[in-house]
Amino acid sequence: MNPTQRIALILTAVFLIPALFFSVYEISSLTQDEKMIGDIYEKQLESILFSVNQYSDDIINDWMSKTQVSLDSDPAAEENTGLQNLAALNESLRLIFYTDTLGQSPRLAIHSLDSGLAARLRPAIAHTLALHQPQLNQLVRYKKSGFQKNEVLASPDTALRHYHVVCFISENANATLRTAGFVVEPSAFVEDLVGPKLQKIAKDQFVLAVYEKDNAAPVYSTLSGDTVTSAMLTKDFWVFPGYTLGIRTQGASLQHLVRQRTQNNLMLLIGLDVILVVAVVLAFRSVKKEVQLAQNKADFVANVSHEIRTPLALISMFAETLEMGRAKSEEKKQEYYAIIRQETHRLTGIVNKILNFSQTEAGKKTLHLQPVDLAHEIKDVLRVYDFHLKSKGFVYDAQDIPPTRVLADKDAVVEIIVNLLDNAIKYSPEEKTIELRTGQSATEGWLAVRDHGVGIARTDQKHIFDKFYRVPTGNLAKSRGTGLGLSLVRQLLTQQKGRIAVESDLGAGSTFTIFLPLAPNNTV
Ligand code: ADP
(Lines give C-alpha, C1' and ligand atoms only; values in the text may rest on other atoms or scores of the structure.)
Protein backbone atom coordinates (compact mmCIF):
# COMPACT_ATOMS: atom_id res chain seq x y z
CA MET A 1 0.00 0.00 0.00
CA ASN A 2 1.52 3.35 -1.03
CA PRO A 3 1.51 6.40 1.33
CA THR A 4 -1.40 8.07 -0.50
CA GLN A 5 -3.59 4.99 -0.19
CA ARG A 6 -2.64 4.75 3.48
CA ILE A 7 -3.70 8.37 4.07
CA ALA A 8 -6.99 7.79 2.24
CA LEU A 9 -7.62 4.77 4.46
CA ILE A 10 -6.80 6.66 7.67
CA LEU A 11 -9.01 9.63 6.75
CA THR A 12 -11.87 7.29 5.86
CA ALA A 13 -11.47 5.31 9.08
CA VAL A 14 -11.07 8.34 11.35
CA PHE A 15 -13.67 10.69 9.87
CA LEU A 16 -15.98 9.23 7.27
CA ILE A 17 -16.92 5.87 8.83
CA PRO A 18 -17.74 7.37 12.29
CA ALA A 19 -19.68 10.20 10.60
CA LEU A 20 -21.61 7.63 8.56
CA PHE A 21 -22.46 5.54 11.62
CA PHE A 22 -23.42 8.64 13.59
CA SER A 23 -25.68 9.86 10.79
CA VAL A 24 -27.45 6.51 10.41
CA TYR A 25 -27.91 6.31 14.20
CA GLU A 26 -29.19 9.90 14.40
CA ILE A 27 -31.63 9.45 11.52
CA SER A 28 -33.12 6.31 13.08
CA SER A 29 -33.33 7.88 16.55
CA LEU A 30 -34.91 11.04 15.13
CA THR A 31 -37.99 9.12 14.00
CA GLN A 32 -38.13 7.34 17.36
CA ASP A 33 -37.88 10.69 19.16
CA GLU A 34 -40.66 12.02 16.99
CA LYS A 35 -42.92 9.13 18.01
CA MET A 36 -42.00 9.42 21.66
CA ILE A 37 -42.63 13.17 21.79
CA GLY A 38 -45.94 12.59 20.01
CA ASP A 39 -46.96 9.94 22.57
CA ILE A 40 -45.99 12.07 25.57
CA TYR A 41 -47.86 15.05 24.18
CA GLU A 42 -50.96 12.99 23.47
CA LYS A 43 -50.92 11.77 27.07
CA GLN A 44 -50.76 15.36 28.26
CA LEU A 45 -53.72 16.34 26.12
CA GLU A 46 -55.61 13.34 27.42
CA SER A 47 -54.94 14.39 31.01
CA ILE A 48 -56.28 17.88 30.25
CA LEU A 49 -59.52 16.36 28.93
CA PHE A 50 -59.61 14.10 31.99
CA SER A 51 -59.43 17.13 34.27
CA VAL A 52 -62.33 18.80 32.38
CA ASN A 53 -64.41 15.63 32.79
CA GLN A 54 -63.49 15.47 36.45
CA TYR A 55 -64.47 19.10 36.91
CA SER A 56 -67.90 18.57 35.29
CA ASP A 57 -68.44 15.45 37.32
CA ASP A 58 -67.67 17.40 40.49
CA ILE A 59 -70.38 19.94 39.62
CA ILE A 60 -73.02 17.21 39.32
CA ASN A 61 -71.78 15.60 42.55
CA ASP A 62 -71.97 18.96 44.27
CA TRP A 63 -75.57 19.37 43.09
CA MET A 64 -76.36 15.88 44.29
CA SER A 65 -75.02 16.45 47.80
CA LYS A 66 -76.69 19.88 48.06
CA THR A 67 -80.00 18.33 46.99
CA GLN A 68 -79.61 15.57 49.53
CA VAL A 69 -78.84 18.03 52.33
CA SER A 70 -81.81 20.22 51.37
CA LEU A 71 -84.20 17.27 51.22
CA ASP A 72 -82.88 16.02 54.52
CA SER A 73 -83.36 19.32 56.33
CA ASP A 74 -86.77 20.11 54.86
CA PRO A 75 -88.21 16.91 53.47
CA ALA A 76 -91.89 17.79 53.47
CA ALA A 77 -92.01 21.47 52.73
CA GLU A 78 -93.55 22.40 49.42
CA GLU A 79 -91.23 25.32 48.98
CA ASN A 80 -87.77 23.91 49.77
CA THR A 81 -85.51 26.95 50.00
CA GLY A 82 -82.28 24.94 49.60
CA LEU A 83 -83.50 23.53 46.29
CA GLN A 84 -84.84 26.91 45.22
CA ASN A 85 -81.41 28.42 45.83
CA LEU A 86 -79.64 25.66 43.97
CA ALA A 87 -81.87 26.10 40.94
CA ALA A 88 -81.57 29.86 41.11
CA LEU A 89 -77.78 29.76 41.07
CA ASN A 90 -77.47 27.37 38.14
CA GLU A 91 -79.29 28.33 35.01
CA SER A 92 -78.59 25.04 33.26
CA LEU A 93 -80.26 23.17 36.10
CA ARG A 94 -83.78 23.61 34.74
CA LEU A 95 -85.54 21.63 37.42
CA ILE A 96 -84.98 19.36 40.41
CA PHE A 97 -87.33 16.49 41.06
CA TYR A 98 -87.69 13.90 43.79
CA THR A 99 -90.16 11.21 44.82
CA ASP A 100 -91.51 10.71 48.32
CA THR A 101 -90.47 7.07 48.37
CA LEU A 102 -89.11 4.29 46.15
CA GLY A 103 -91.53 1.94 44.44
CA GLN A 104 -93.85 1.64 41.48
CA SER A 105 -95.72 4.94 41.38
CA PRO A 106 -94.39 7.32 43.97
CA ARG A 107 -95.55 10.91 44.31
CA LEU A 108 -93.32 13.17 42.23
CA ALA A 109 -92.37 16.62 43.59
CA ILE A 110 -90.73 19.20 41.32
CA HIS A 111 -88.82 22.37 42.09
CA SER A 112 -88.24 24.79 39.27
CA LEU A 113 -88.00 28.51 38.71
CA ASP A 114 -90.09 27.97 35.60
CA SER A 115 -93.45 26.59 36.74
CA GLY A 116 -94.73 26.30 33.17
CA LEU A 117 -91.78 24.08 32.25
CA ALA A 118 -92.28 22.03 35.42
CA ALA A 119 -95.90 21.37 34.46
CA ARG A 120 -94.95 20.48 30.86
CA LEU A 121 -92.20 18.07 31.84
CA ARG A 122 -93.88 16.36 34.81
CA PRO A 123 -95.52 13.48 32.81
CA ALA A 124 -92.35 12.94 30.75
CA ILE A 125 -90.20 12.67 33.89
CA ALA A 126 -92.64 10.25 35.53
CA HIS A 127 -92.72 8.20 32.33
CA THR A 128 -88.89 8.16 32.09
CA LEU A 129 -88.51 7.05 35.70
CA ALA A 130 -91.01 4.26 35.16
CA LEU A 131 -89.17 3.16 32.01
CA HIS A 132 -85.83 2.95 33.77
CA GLN A 133 -86.84 1.03 36.86
CA PRO A 134 -84.00 -1.55 36.49
CA GLN A 135 -81.35 1.23 36.40
CA LEU A 136 -82.97 2.86 39.44
CA ASN A 137 -82.89 -0.46 41.28
CA GLN A 138 -79.19 -0.73 40.43
CA LEU A 139 -78.59 2.76 41.87
CA VAL A 140 -80.40 1.68 45.06
CA ARG A 141 -78.15 -1.32 45.35
CA TYR A 142 -75.08 0.94 44.94
CA LYS A 143 -76.44 3.32 47.55
CA LYS A 144 -77.01 0.53 50.03
CA SER A 145 -73.42 -0.56 49.48
CA GLY A 146 -72.27 3.00 50.22
CA PHE A 147 -71.70 4.32 46.67
CA GLN A 148 -73.37 7.54 45.58
CA LYS A 149 -73.80 7.12 41.84
CA ASN A 150 -75.88 8.86 39.23
CA GLU A 151 -77.35 7.76 35.90
CA VAL A 152 -78.34 9.75 32.85
CA LEU A 153 -81.67 8.33 31.72
CA ALA A 154 -82.44 8.35 28.03
CA SER A 155 -85.98 9.54 27.39
CA PRO A 156 -88.23 8.83 24.38
CA ASP A 157 -90.44 11.83 25.26
CA THR A 158 -90.10 14.74 22.87
CA ALA A 159 -90.66 17.17 25.73
CA LEU A 160 -87.27 16.13 27.09
CA ARG A 161 -85.56 16.28 23.69
CA HIS A 162 -83.24 19.14 24.60
CA TYR A 163 -82.58 18.03 28.15
CA HIS A 164 -80.76 15.33 30.06
CA VAL A 165 -82.36 13.58 33.02
CA VAL A 166 -79.73 12.87 35.69
CA CYS A 167 -80.98 10.54 38.39
CA PHE A 168 -79.60 9.43 41.78
CA ILE A 169 -80.80 7.95 45.09
CA SER A 170 -81.08 10.29 48.06
CA GLU A 171 -81.16 9.15 51.65
CA ASN A 172 -82.36 11.22 54.61
CA ALA A 173 -81.43 11.04 58.27
CA ASN A 174 -83.88 8.28 59.14
CA ALA A 175 -82.50 6.14 56.28
CA THR A 176 -85.51 6.64 53.99
CA LEU A 177 -84.47 6.32 50.32
CA ARG A 178 -86.04 8.23 47.48
CA THR A 179 -85.36 8.85 43.84
CA ALA A 180 -84.11 12.34 43.04
CA GLY A 181 -82.64 14.01 39.98
CA PHE A 182 -82.14 16.97 37.72
CA VAL A 183 -83.29 18.02 34.33
CA VAL A 184 -80.25 19.71 32.86
CA GLU A 185 -79.92 21.68 29.64
CA PRO A 186 -76.53 20.47 28.31
CA SER A 187 -75.88 23.45 26.06
CA ALA A 188 -76.37 25.85 28.97
CA PHE A 189 -74.28 23.61 31.26
CA VAL A 190 -71.43 23.67 28.76
CA GLU A 191 -71.77 27.39 28.11
CA ASP A 192 -72.08 28.55 31.74
CA LEU A 193 -70.03 26.07 33.73
CA VAL A 194 -67.62 24.15 31.49
CA GLY A 195 -66.86 27.07 29.13
CA PRO A 196 -64.99 29.28 31.65
CA LYS A 197 -62.93 26.29 32.71
CA LEU A 198 -62.04 25.51 29.08
CA GLN A 199 -61.08 29.13 28.45
CA LYS A 200 -58.83 29.09 31.50
CA ILE A 201 -57.00 25.98 30.27
CA ALA A 202 -56.81 26.99 26.63
CA LYS A 203 -55.14 30.43 27.02
CA ASP A 204 -53.58 30.95 23.58
CA GLN A 205 -52.00 27.51 23.46
CA PHE A 206 -54.90 25.14 22.89
CA VAL A 207 -58.29 24.98 21.27
CA LEU A 208 -60.83 23.12 23.42
CA ALA A 209 -64.33 22.29 22.24
CA VAL A 210 -67.43 20.31 23.14
CA TYR A 211 -69.28 18.48 20.37
CA GLU A 212 -72.55 16.71 20.07
CA LYS A 213 -71.67 13.37 18.48
CA ASP A 214 -72.19 13.27 14.69
CA ASN A 215 -72.30 17.04 14.48
CA ALA A 216 -69.23 18.78 13.06
CA ALA A 217 -70.15 22.20 14.45
CA PRO A 218 -69.12 22.45 18.10
CA VAL A 219 -71.63 23.23 20.86
CA TYR A 220 -68.88 25.29 22.39
CA SER A 221 -65.32 26.18 21.33
CA THR A 222 -62.66 28.34 22.93
CA LEU A 223 -61.82 29.58 19.46
CA SER A 224 -64.92 31.17 17.98
CA GLY A 225 -65.80 30.05 14.48
CA ASP A 226 -63.45 27.07 14.73
CA THR A 227 -64.57 24.08 12.75
CA VAL A 228 -61.34 22.13 12.39
CA THR A 229 -62.21 18.90 14.11
CA SER A 230 -59.98 16.45 12.23
CA ALA A 231 -56.77 17.29 14.10
CA MET A 232 -58.49 17.14 17.49
CA LEU A 233 -57.88 14.58 20.17
CA THR A 234 -61.34 13.60 21.47
CA LYS A 235 -62.70 11.86 24.56
CA ASP A 236 -66.25 11.08 25.73
CA PHE A 237 -67.87 13.72 27.93
CA TRP A 238 -68.69 11.73 31.07
CA VAL A 239 -71.62 13.73 32.36
CA PHE A 240 -73.54 13.81 29.08
CA PRO A 241 -73.49 10.66 26.96
CA GLY A 242 -73.66 11.69 23.31
CA TYR A 243 -71.23 14.57 23.83
CA THR A 244 -67.50 14.67 23.14
CA LEU A 245 -64.63 16.81 24.44
CA GLY A 246 -61.94 17.79 21.93
CA ILE A 247 -58.52 19.41 22.22
CA ARG A 248 -55.73 20.46 19.85
CA THR A 249 -52.83 22.90 19.83
CA GLN A 250 -53.49 26.34 18.48
CA GLY A 251 -51.68 27.18 15.23
CA ALA A 252 -49.52 24.35 13.89
CA SER A 253 -50.26 20.91 15.30
CA LEU A 254 -47.64 19.22 17.43
CA GLN A 255 -47.09 16.51 14.83
CA HIS A 256 -46.42 19.25 12.32
CA LEU A 257 -43.95 20.99 14.65
CA VAL A 258 -42.15 17.75 15.47
CA ARG A 259 -41.97 16.81 11.80
CA GLN A 260 -40.64 20.26 10.96
CA ARG A 261 -38.01 19.94 13.64
CA THR A 262 -37.04 16.46 12.49
CA GLN A 263 -36.71 17.72 8.94
CA ASN A 264 -34.53 20.62 10.07
CA ASN A 265 -32.33 18.28 12.09
CA LEU A 266 -32.06 15.96 9.13
CA MET A 267 -31.07 18.78 6.79
CA LEU A 268 -28.50 19.97 9.31
CA LEU A 269 -27.09 16.47 9.63
CA ILE A 270 -26.85 16.01 5.87
CA GLY A 271 -25.27 19.49 5.57
CA LEU A 272 -22.67 18.59 8.19
CA ASP A 273 -21.94 15.31 6.44
CA VAL A 274 -21.44 17.09 3.13
CA ILE A 275 -19.09 19.62 4.77
CA LEU A 276 -17.18 16.77 6.41
CA VAL A 277 -16.82 14.90 3.12
CA VAL A 278 -15.64 18.07 1.35
CA ALA A 279 -13.19 18.77 4.20
CA VAL A 280 -11.85 15.22 4.07
CA VAL A 281 -11.46 15.40 0.28
CA LEU A 282 -9.63 18.74 0.56
CA ALA A 283 -7.42 17.44 3.37
CA PHE A 284 -6.69 14.32 1.36
CA ARG A 285 -5.78 16.35 -1.70
CA SER A 286 -3.43 18.61 0.16
CA VAL A 287 -1.79 15.73 2.01
CA LYS A 288 -1.48 13.83 -1.25
CA LYS A 289 0.25 16.83 -2.79
CA GLU A 290 2.67 17.06 0.12
CA VAL A 291 3.40 13.34 -0.06
CA GLN A 292 4.00 13.62 -3.80
CA LEU A 293 6.32 16.57 -3.26
CA ALA A 294 8.27 14.71 -0.59
CA GLN A 295 8.55 11.75 -2.96
CA ASN A 296 9.69 14.02 -5.81
CA LYS A 297 12.26 15.64 -3.53
CA ALA A 298 13.67 12.26 -2.59
CA ASP A 299 13.87 11.34 -6.28
CA PHE A 300 15.50 14.69 -7.00
CA VAL A 301 18.28 14.08 -4.47
CA ALA A 302 18.92 10.65 -5.99
CA ASN A 303 18.87 12.08 -9.54
CA VAL A 304 21.13 14.99 -8.82
CA SER A 305 23.60 12.83 -6.91
CA HIS A 306 23.73 10.56 -9.92
CA GLU A 307 23.98 13.52 -12.31
CA ILE A 308 26.91 14.96 -10.36
CA ARG A 309 28.67 11.70 -9.63
CA THR A 310 29.01 10.64 -13.28
CA PRO A 311 30.85 13.76 -14.55
CA LEU A 312 32.94 13.89 -11.38
CA ALA A 313 34.03 10.28 -11.88
CA LEU A 314 34.94 11.00 -15.52
CA ILE A 315 36.84 14.19 -14.66
CA SER A 316 38.77 12.50 -11.88
CA MET A 317 39.57 9.45 -14.03
CA PHE A 318 40.86 11.45 -17.02
CA ALA A 319 42.71 13.97 -14.84
CA GLU A 320 44.48 11.05 -13.13
CA THR A 321 45.34 9.43 -16.48
CA LEU A 322 46.85 12.70 -17.68
CA GLU A 323 48.64 13.31 -14.41
CA MET A 324 50.30 9.90 -14.47
CA GLY A 325 51.35 10.45 -18.08
CA ARG A 326 49.34 7.49 -19.32
CA ALA A 327 48.05 9.38 -22.35
CA LYS A 328 50.15 7.97 -25.15
CA SER A 329 49.73 10.55 -27.85
CA GLU A 330 49.03 14.25 -28.07
CA GLU A 331 45.78 13.35 -29.81
CA LYS A 332 44.67 11.26 -26.84
CA LYS A 333 45.60 14.07 -24.45
CA GLN A 334 43.44 16.50 -26.44
CA GLU A 335 40.58 14.04 -26.34
CA TYR A 336 40.86 13.71 -22.53
CA TYR A 337 41.05 17.50 -22.09
CA ALA A 338 37.92 17.83 -24.18
CA ILE A 339 36.10 15.26 -22.04
CA ILE A 340 37.14 17.04 -18.83
CA ARG A 341 35.95 20.38 -20.22
CA GLN A 342 32.68 18.87 -21.43
CA GLU A 343 31.94 17.23 -18.10
CA THR A 344 32.89 20.40 -16.19
CA HIS A 345 30.49 22.25 -18.44
CA ARG A 346 27.79 19.74 -17.60
CA LEU A 347 28.43 20.07 -13.88
CA THR A 348 28.27 23.86 -14.15
CA GLY A 349 24.98 23.48 -16.03
CA ILE A 350 23.44 21.37 -13.28
CA VAL A 351 24.64 23.63 -10.48
CA ASN A 352 23.45 26.74 -12.38
CA LYS A 353 20.05 25.19 -12.95
CA ILE A 354 19.61 24.41 -9.26
CA LEU A 355 20.79 27.86 -8.20
CA ASN A 356 18.60 29.52 -10.81
CA PHE A 357 15.63 27.54 -9.65
CA SER A 358 16.07 28.29 -5.97
CA GLN A 359 16.63 31.99 -6.67
CA THR A 360 13.54 32.23 -8.85
CA GLU A 361 11.45 30.27 -6.37
CA ALA A 362 12.53 32.49 -3.50
CA GLY A 363 11.60 35.50 -5.63
CA LYS A 364 15.16 36.78 -5.44
CA LYS A 365 15.57 37.03 -9.15
CA THR A 366 14.49 40.42 -10.43
CA LEU A 367 13.34 40.56 -14.01
CA HIS A 368 13.61 43.58 -16.26
CA LEU A 369 10.67 43.67 -18.57
CA GLN A 370 11.36 45.20 -21.94
CA PRO A 371 10.24 44.61 -25.51
CA VAL A 372 11.80 41.36 -26.73
CA ASP A 373 11.48 39.77 -30.18
CA LEU A 374 10.86 36.04 -29.68
CA ALA A 375 12.01 35.18 -33.27
CA HIS A 376 15.26 37.04 -32.71
CA GLU A 377 15.95 35.21 -29.42
CA ILE A 378 15.24 31.82 -31.06
CA LYS A 379 17.80 32.58 -33.74
CA ASP A 380 20.37 33.67 -31.15
CA VAL A 381 19.93 30.46 -29.14
CA LEU A 382 20.09 28.30 -32.28
CA ARG A 383 23.35 29.95 -33.34
CA VAL A 384 24.92 28.74 -30.08
CA TYR A 385 23.20 25.34 -30.20
CA ASP A 386 23.76 24.68 -33.90
CA PHE A 387 26.89 22.59 -33.42
CA HIS A 388 25.46 20.71 -30.44
CA LEU A 389 22.24 19.89 -32.31
CA LYS A 390 23.96 18.80 -35.50
CA SER A 391 26.53 16.70 -33.65
CA LYS A 392 23.67 14.79 -32.03
CA GLY A 393 22.05 14.23 -35.40
CA PHE A 394 19.18 16.73 -35.05
CA VAL A 395 17.53 18.64 -37.86
CA TYR A 396 15.80 21.81 -36.82
CA ASP A 397 13.43 24.14 -38.60
CA ALA A 398 13.09 27.77 -37.54
CA GLN A 399 12.70 29.26 -41.01
CA ASP A 400 10.33 32.12 -41.78
CA ILE A 401 9.29 32.79 -38.20
CA PRO A 402 7.68 36.23 -37.96
CA PRO A 403 9.09 38.79 -35.54
CA THR A 404 6.95 38.70 -32.39
CA ARG A 405 7.46 41.48 -29.91
CA VAL A 406 6.52 40.71 -26.33
CA LEU A 407 7.08 42.45 -23.02
CA ALA A 408 9.54 40.18 -21.20
CA ASP A 409 12.95 39.75 -19.59
CA LYS A 410 15.51 38.92 -22.29
CA ASP A 411 17.60 36.53 -20.15
CA ALA A 412 14.51 34.77 -18.87
CA VAL A 413 13.26 34.25 -22.43
CA VAL A 414 16.63 32.74 -23.42
CA GLU A 415 16.53 30.49 -20.34
CA ILE A 416 13.03 29.33 -21.28
CA ILE A 417 14.00 28.57 -24.92
CA VAL A 418 17.13 26.69 -23.80
CA ASN A 419 15.14 24.58 -21.35
CA LEU A 420 12.49 23.67 -23.92
CA LEU A 421 15.13 22.93 -26.54
CA ASP A 422 17.11 20.82 -24.04
CA ASN A 423 14.02 18.76 -23.28
CA ALA A 424 13.21 18.34 -26.99
CA ILE A 425 16.74 16.97 -27.49
CA LYS A 426 16.68 14.79 -24.35
CA TYR A 427 13.33 13.20 -25.08
CA SER A 428 13.73 12.56 -28.82
CA PRO A 429 15.78 9.38 -29.01
CA GLU A 430 14.73 8.36 -32.53
CA GLU A 431 13.09 10.95 -34.74
CA LYS A 432 15.39 13.88 -34.29
CA THR A 433 13.51 16.80 -35.81
CA ILE A 434 12.61 19.96 -33.93
CA GLU A 435 10.47 22.85 -35.13
CA LEU A 436 10.40 26.30 -33.58
CA ARG A 437 7.62 28.73 -34.37
CA THR A 438 6.37 32.14 -33.29
CA GLY A 439 3.12 33.99 -33.76
CA GLN A 440 0.71 36.35 -32.06
CA SER A 441 -2.92 36.93 -31.18
CA ALA A 442 -4.56 40.24 -30.30
CA THR A 443 -2.96 40.40 -26.87
CA GLU A 444 -0.26 37.73 -26.73
CA GLY A 445 2.82 36.64 -28.57
CA TRP A 446 3.63 32.93 -28.59
CA LEU A 447 6.61 30.67 -29.15
CA ALA A 448 6.30 26.92 -29.77
CA VAL A 449 8.93 24.17 -29.61
CA ARG A 450 7.81 20.96 -31.28
CA ASP A 451 9.56 17.62 -31.24
CA HIS A 452 8.70 14.12 -32.50
CA GLY A 453 10.05 12.31 -29.49
CA VAL A 454 8.58 10.05 -26.83
CA GLY A 455 5.63 12.28 -25.93
CA ILE A 456 3.92 12.56 -22.53
CA ALA A 457 0.90 10.58 -21.31
CA ARG A 458 -2.18 12.68 -20.53
CA THR A 459 -2.08 11.77 -16.80
CA ASP A 460 1.52 12.99 -16.53
CA GLN A 461 0.91 16.22 -18.41
CA LYS A 462 -0.67 17.94 -15.42
CA HIS A 463 2.33 17.13 -13.20
CA ILE A 464 5.31 17.93 -15.42
CA PHE A 465 5.35 21.59 -14.33
CA ASP A 466 5.54 20.61 -10.64
CA LYS A 467 8.93 21.00 -9.09
CA PHE A 468 11.11 17.85 -8.96
CA TYR A 469 8.57 15.91 -11.03
CA ARG A 470 9.92 13.50 -13.63
CA VAL A 471 7.78 11.09 -15.60
CA PRO A 472 8.58 7.84 -13.83
CA THR A 473 8.05 5.32 -16.67
CA GLY A 474 9.63 4.11 -19.88
CA ASN A 475 13.21 4.80 -20.85
CA LEU A 476 12.83 8.39 -19.65
CA ALA A 477 14.39 7.32 -16.40
CA LYS A 478 17.52 6.67 -18.42
CA SER A 479 17.70 10.25 -19.69
CA ARG A 480 19.25 12.60 -17.22
CA GLY A 481 17.42 15.41 -15.51
CA THR A 482 16.54 17.14 -12.28
CA GLY A 483 12.81 17.68 -12.70
CA LEU A 484 13.36 21.43 -12.29
CA GLY A 485 13.43 22.65 -15.91
CA LEU A 486 9.71 23.01 -16.65
CA SER A 487 8.96 24.19 -13.13
CA LEU A 488 11.55 26.96 -13.61
CA VAL A 489 10.04 27.81 -17.01
CA ARG A 490 6.57 28.14 -15.51
CA GLN A 491 7.81 30.28 -12.63
CA LEU A 492 9.64 32.63 -14.98
CA LEU A 493 6.55 32.94 -17.16
CA THR A 494 4.27 33.64 -14.21
CA GLN A 495 6.56 36.46 -13.14
CA GLN A 496 6.27 37.95 -16.63
CA LYS A 497 2.47 37.55 -16.76
CA GLY A 498 2.88 34.74 -19.27
CA ARG A 499 1.80 31.11 -19.35
CA ILE A 500 2.72 27.76 -20.87
CA ALA A 501 0.69 25.00 -22.55
CA VAL A 502 1.59 21.52 -23.69
CA GLU A 503 0.12 19.30 -26.36
CA SER A 504 1.50 15.82 -26.48
CA ASP A 505 0.73 12.27 -27.59
CA LEU A 506 2.60 9.33 -26.20
CA GLY A 507 5.05 8.12 -28.87
CA ALA A 508 4.22 10.94 -31.30
CA GLY A 509 6.01 13.96 -29.79
CA SER A 510 5.25 17.10 -27.85
CA THR A 511 4.66 20.78 -28.50
CA PHE A 512 5.36 23.25 -25.71
CA THR A 513 3.95 26.74 -26.36
CA ILE A 514 4.66 29.77 -24.21
CA PHE A 515 2.54 32.92 -24.25
CA LEU A 516 3.67 36.41 -23.20
CA PRO A 517 1.91 39.77 -23.31
CA LEU A 518 2.57 41.75 -26.48
CA ALA A 519 4.92 44.72 -26.21
CA PRO A 520 3.53 48.19 -26.94
CA ASN A 521 3.70 48.78 -30.71
CA ASN A 522 6.92 49.51 -32.65
CA THR A 523 9.19 49.61 -29.69
CA VAL A 524 11.68 46.92 -30.71
P1 ADP B 1 13.88 17.07 -16.41
O2 ADP B 1 15.12 17.58 -15.81
O3 ADP B 1 13.50 15.74 -15.94
O4 ADP B 1 13.87 17.18 -17.90
P5 ADP B 1 11.72 18.99 -16.58
O6 ADP B 1 11.05 19.78 -15.53
O7 ADP B 1 12.38 19.75 -17.69
O8 ADP B 1 12.75 18.03 -15.85
O9 ADP B 1 10.67 18.02 -17.21
C10 ADP B 1 9.82 17.27 -16.37
C11 ADP B 1 9.44 15.97 -17.07
O12 ADP B 1 8.63 16.25 -18.18
C13 ADP B 1 10.58 15.23 -17.61
O14 ADP B 1 11.12 14.34 -16.66
C15 ADP B 1 9.99 14.48 -18.80
O16 ADP B 1 9.47 13.27 -18.35
C17 ADP B 1 8.86 15.36 -19.25
N18 ADP B 1 9.20 16.13 -20.45
C19 ADP B 1 9.60 17.41 -20.50
N20 ADP B 1 9.79 17.80 -21.79
C21 ADP B 1 9.48 16.74 -22.57
C22 ADP B 1 9.48 16.50 -23.98
N23 ADP B 1 9.84 17.46 -24.87
N24 ADP B 1 9.12 15.29 -24.42
C25 ADP B 1 8.77 14.32 -23.55
N26 ADP B 1 8.74 14.48 -22.19
C27 ADP B 1 9.11 15.67 -21.72
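**Exercise 1.** Determine which residues lie nearest the centre of the second largest pocket, and how many residues line the pocket.

*Solution.* Step 1. The second largest pocket is lined by 19 residues, and those nearest its centre are Lys288, Lys289, Gln292, His463 and Asp466. The structure is a predicted model, in which local features need pLDDT of at least 70 and side-chain atom pairs count only at pLDDT 80 or more, while totals for chains, interfaces and linings use all residues. Residues are numbered from 1 along each chain as its sequence is written, and side-chain values use heavy atoms, with hydrogens and water left out.

Step 2. A pocket is an open set of points on a 1 Å grid over the protein atoms alone where a 1.4 Å probe fits, with protein on both sides within 12 Å along at least five of seven lines; lining residues have an atom within 4 Å of a point.

**Exercise 2.** State which elements give two or more residues to the lining of the second largest pocket.

*Solution.* Step 1. These elements are α1 (3-73) and α6 (254-323), where helices are DSSP runs (H or I, at least four residues) numbered from the N terminus.

Step 2. Of the elements, α6 gives the most, with 10 residues.

**Exercise 3.** Describe the largest pocket by its central residues and its helices.

*Solution.* Step 1. The volume, the space filled by probe spheres set on grid points joined across faces, edges and corners, is about 1400 Å³ for the largest pocket. Among its 28 lining residues, His345, Arg346, Tyr385, His388 and Asp422 are the closest to the centre.

Step 2. At least two lining residues come from each of α7 (330-361), α8 (374-391) and α9 (410-426); α7 gives the most, with 11 residues.
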